[in-house]
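Here is a short briefing to read alongside the model. Take a look at the structure first, then work through the points by topic.

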Amino acid sequence: MANSTTDGVTATDQAGARPAQSHAKVIRAAILGTVVEYYDFGIYGYMATMVSAHFFVQDDPTAALLGTFAAFAVAFFLRVPGGIFFGHIGDKYGRKKALTWTILLMAVATALMGLLPTYATLGVWATALLTLSRCLQGFAAGGELGGANSFVSEHAPPKWRAFQTSMVNSGTYIGSLCASLMALALTTGLSAEQIAAWGWRIPFLLSLVIGVVGLWIRNSLDETEQFEDVQQHSEVVKVPLFAVLSTAWRQVLTIILLGAVITGGYYIASVYAATYLQTAGQRSPQFAFAATCIAMVLGVITLPISGYLGDRIGRKPVFIGGSAAGALLGVPMFMLMADGPAPLAILGPAVLFICVSVVNGVSFATYAEMLRARFRYSGIALGNNVTNMLLGGTAPFVATLLVSSTGNKLAPAGYFVACALISLVTSFFLKETKGRELAL
């Protein structure tokens, strides 16, 4: 197999085909590209209260916030066709080509948000254009994680695959962390009047700068050798989506269910937690953004630890441990966020985020090991994006609606616990893939 290694040198290198890319270079490029993508995708959620004030009718602030989160959720429905589209490109024409286009489209869509006229100028058309831009973001994001993790997993040695793919997933957290830090800097460094007048545009316009950096990084990489092996053996399938649905639908279903706490839990513990701390907890925006920043820093630290454990003791025990912890701790942590003193209120999202990160640290290595190279990009993208559509993008909207309709400020904890339980039950049926060679 082309990606098997001997002292860090691939079989392709031994045959003299081309020099190997170092694992460090591959991981660095994947992480930095993913950081760019998820800064762009996450900044909308962290700026939700500011966006709602400029693009939705303000007669009812709760309705405006629901409208903002509805637009947030719409993007996740576009992740599925985006994953299918870029998965097709990645499995048929190469991972690098697909990943280059995802980052370009994301940067353009995010920058467009920063240039839009507001509701006061264009009325409902401003809302429509914002939603369109958000849909383009979702379409681009649909192709990111499946491609980046396929790329890294096909370079990684089996004994380090979970650790190395966990580093890619840290890019999603770091990107969201950068978005949260930007929101924190904005609310700290500018007055409310300055933010309302022009400051809210800055985080979106910065996308152009960081998008160029990410594009340059992605273009510096070579294609994966395993994909080139698929090409050499004439095993590139005509329609990867049909191939994965006809031969690996059980694996895709498993990916969808395993990812419940990774997606639903992630957006509850990060994006929605920032809003929850301000509404149910009556905390300042600065406090809320600082708390989610701390949670994501701890999540970034947890991911490689989880990946390391997955490579040592197996994927299945880590899946079970992380999802079980999330199911047990969901309600107590929301109680702390709603009514606890400041230090314990900060602890709430941090603990929830660590539970999510434990599961996420072994997730994409497992997904890659479950699927063949000829449709790996498409399979991971489809499974991951269906979960994001069903449980991730809708999480802030459903959580806000639950509080509004029930009057119970702990209702969102039920959403988090339900996601954790779905992952937990699925984990018990998971076949261990630790050490498995990737199949063509």
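The protein chain has 21 helices and 2 strands, where helices (H or I, at least four residues) and strands (E, at least two) are DSSP runs numbered from the N terminus. This is a predicted model, in which local features need pLDDT of at least 70 and side-chain atom pairs count only at pLDDT 80 or more, while totals for chains, interfaces and linings use all residues. Residues are numbered from 1 along each chain as its sequence is written, and side-chain values use heavy atoms, with hydrogens and water left out.

**Overall shape and surface**

- Along the principal axes, the C-alpha atoms of the protein chain fill a box of roughly 65 × 45 × 35 Å.
- Of the 440 residues in the protein chain, 60% are buried; buried means under 20% relative accessible area, exposed over 50%, and partly exposed in between (1.4 Å probe, protein chains only).
- Among contacts in the protein chain with a separation of 6 or more, 85% join residues 24 or more positions apart, a contact being heavy atoms within 4.5 Å.
- The protein chain carries 26 positive and 21 negative side chains, with the centres of the two sets 4 Å apart. Lys and Arg count as positive and Asp and Glu as negative, with His and the chain ends not counted; each charge is placed at NZ of Lys, CZ of Arg, CG of Asp or CD of Glu.

**Nonpolar cores**

- The largest nonpolar core holds 103 residues, and Met-47 and Phe-334 touch the most other members. Such a core is a set of buried Ala, Val, Leu, Ile, Met, Phe, Trp, Tyr and Cys residues joined through side-chain atoms within 4.5 Å.
- Helix H15 (residues 260-279) gives the most to this core, with 13 residues.
- Another core, of 18 residues, lies apart from it and includes Ile-31, Phe-86, Ala-98 and Ala-148.
- Not counting residues up to four places away in sequence, Met-47 touches Ala-183, Leu-186, Trp-200, Pro-203 and Phe-204.

**Helix H15 and the loops around it**

- Gly-259 sits in the loop between helix H14 (249-258) and H15, and counts as buried because its relative accessibility is 5%.
- Neighbours within four places aside, Gly-259 is in contact with Tyr-367, Thr-387 and Ser-423. Gly-259 and Asn-385 are 126 residues apart in sequence, yet 9.5 Å apart in space from C-alpha to C-alpha.
- Thr-275 belongs to helix H15 and is buried, at 6% relative accessible area. Beyond its neighbours within four places in sequence, Thr-275 is in contact with Leu-65 and Phe-69.
- Gln-282 lies in the loop between H15 and helix H16 (285-313). With a relative accessible area of 65%, Gln-282 is exposed, and its phi is near 55 degrees, a positive value in a residue other than glycine.

**Ala-75 in helix H4**

- Ala-75 is part of helix H4 (residues 61-92) and is buried, with a relative accessible area of 0%.
- Not counting residues up to four places away in sequence, Ala-75 touches Phe-41, Arg-134, Cys-135 and Gly-138.
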